[in-house]
Amino acid sequence: EEVLKVRRSLRALEALSAGAAARLDDFGDQCGAVGAAFLEVEKYVNLNVTAVRKLLKKHDKVLPSRGPIKAFYTARMHDMRWVRNDYSDVVVRLSRLYARVAAATGADDDRDAKDDDDDKDDDDDKDDDDDKEDDATKKKHRGPAAPTAGPAARAKQYDDSSFVRTTSKFWVRPEDLSMVKLAISKHLPVFVQPATREAESTSSGVKDSQLVNSVYLDSSTLELYHARLAKTPGAVALRLRWYGTGEPRLVYVERKTHRDSWTGEASIKERFSILPDQVPLLLRGEFDADAHEADQRRRAGRPAAAIANERRLVDEVASLIVAKRLVPTVRSQCMRCAFQLAHTNAVRASVDTNLCLISEVQHATPPQPEQPRQKHKQGDAAVSNLNAKERARRAAWYRDPSKSIPQSEITRFPFAVLEIKLALGAQDELPAWVRDLADATALIPCHKFSKFVHGCAVLLPDEIQAAPYWIDDPALVHSIEAAGPAAASLLKHADAPDSPAEVTSCVAASPLDLALA
């Protein structure tokens, strides 16, 4: 009933905002009231669910003779409407309402600024007719004046290449997740991928999150892992990423290169896209870069410089894979909720929930040494003669989703991961709301946290020479121990907390390394 009230309030606000003469004076406060009501309902339900679980646990412990009942009633709770249904569309709808308020406020500010400029011009015209004639003469020689740039026009002038991107990462407790999402949605709308708007939706609207899979490549000695852990200048992380559920339709090959900020250089992420059936060719050193470049040139609107940069990236990635014999090593899988304005990427945020890390070692075809082109054709002919099962085995580059995963080859991260990404110029100030959010007690700063590094450390403990500093955090004990004795050997704490939700993380709280230096 309470959830229905929240939905009715949302529909009323959406109808109000759609009206041409809608007053937006207190509209933001009304949106905030709906968000607060939603959080109260969620807090009430979560509190009662936790209480019932503890009661069931106590019952099974104190009265073992009557038989365990925890599993039965927990399953019944999971069938309840609040647990079973997805209410993430509430965040999406509220973020859109906040965006309309921001757009209307910005338009009013532009009109006020224009009126002030017009009044100033009128006063100047009355006082200085001679200056007006001189200005007219100058305009005649310069040609027609450029049109006044409104918010949309200014957005199109945003130059991505002139900004340095910085990222700060935080852990978010599950009970604080909705509060953090709503706090961000007041300033940044939820960004939903167009390709997944129809496929991933709830009964009441579009989901706020989409599934993201990233397969990280590394050598048998985990050379890339150790370089990223040590933050060696030029350290590279290489991954294969795709979005959405089901089989991948398009794969992004992404390379992240670390640079020390004190050198004046910035870390950079570069990527290009290929089809899923081209991934095995890339891993075996048989990817046809010439054909890829020709395909890019056939696409209208791509500048020659961008095509040349992508060709350089393709060659460098292919050479790196072959030289270091990189294979799929660890896969991260999560539901990502992205926040970003449509016209600018100056401030971006993403929240990754249900994060799990999966070992991909020995579940893909090892890359073969690079060979001349004529031998590639002979190899392709040989592969075509193999039976279907063997061809499928050689083409595999990630786990078969239909098969179960051993407990020692998967770890589930107990927190959501928030990333705040900025692309501000040297003269730009950090938005106040970003600073306030970073100072919030709901966020646990985790400097330079890496899913790739965490996955390798927990799932491949016998192969690593060093572990990340956060691996010893008490809040991670349960999730690490669940991966098996080998992973548990990484822990230095003798005593584990009773529950992940009952422990406060002791991760070193580093200053917000966004643009504060």
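Glutamate 310 is buried in this predicted model, because its relative accessible area of 11% falls under the 20% cut-off. The residue lies in helix α12, which spans residues 304-324. The side chain of glutamate 310 makes a polar contact of 3.0 Å with the side chain of arginine 302. Beyond its neighbours within four places in sequence, glutamate 310 is in contact with Phe272, His292, Gln296 and Arg302.

Strand β8 pairs with β7 and with β9, as tabulated here.

| Strand paired with β8 | Residues | Bridges | Direction |
|---|---|---|---|
| β7 | residues 327-340 | 10 bridges | antiparallel |
| β9 | residues 410-412 | 3 bridges | antiparallel |

The link from β7 to β8 is a hairpin of 6 residues. Leucine 357 in β8 can be followed into both pairings: serine 332 stands opposite leucine 357, and in β9 the bridge partner of leucine 357 is threonine 411.

These details belong to a protein of 517 residues, 40% of which count as buried. The protein has 18 helices and 11 strands. Among contacts with a separation of 6 or more, 73% are between residues 24 or more positions apart. The protein exposes about 29300 Å², and carbon and sulfur atoms supply 52% of that area.

Note on methods. Residues are numbered from 1 along each chain as its sequence is written. This is a predicted model: local features need pLDDT of at least 70, side-chain atom pairs count only at pLDDT 80 or more; totals for chains, interfaces and linings use all residues. Side-chain values use heavy atoms; hydrogens and water are left out. Helices (H or I, at least four residues) and strands (E, at least two) are DSSP runs, numbered from the N terminus. Buried means under 20% relative accessible area, exposed over 50%, partly exposed in between (1.4 Å probe, protein chains only). Contact means heavy atoms within 4.5 Å. Accessible areas come from the Shrake-Rupley method with a 1.4 Å probe; for residues, only the protein chains shown count as cover. A polar contact is a pair of N or O atoms within 3.5 Å; within protein, one must be able to donate a hydrogen and the other to accept it, and residues adjacent in sequence count only if both atoms are side-chain atoms. Two strands pair if DSSP finds at least two bridges between them.
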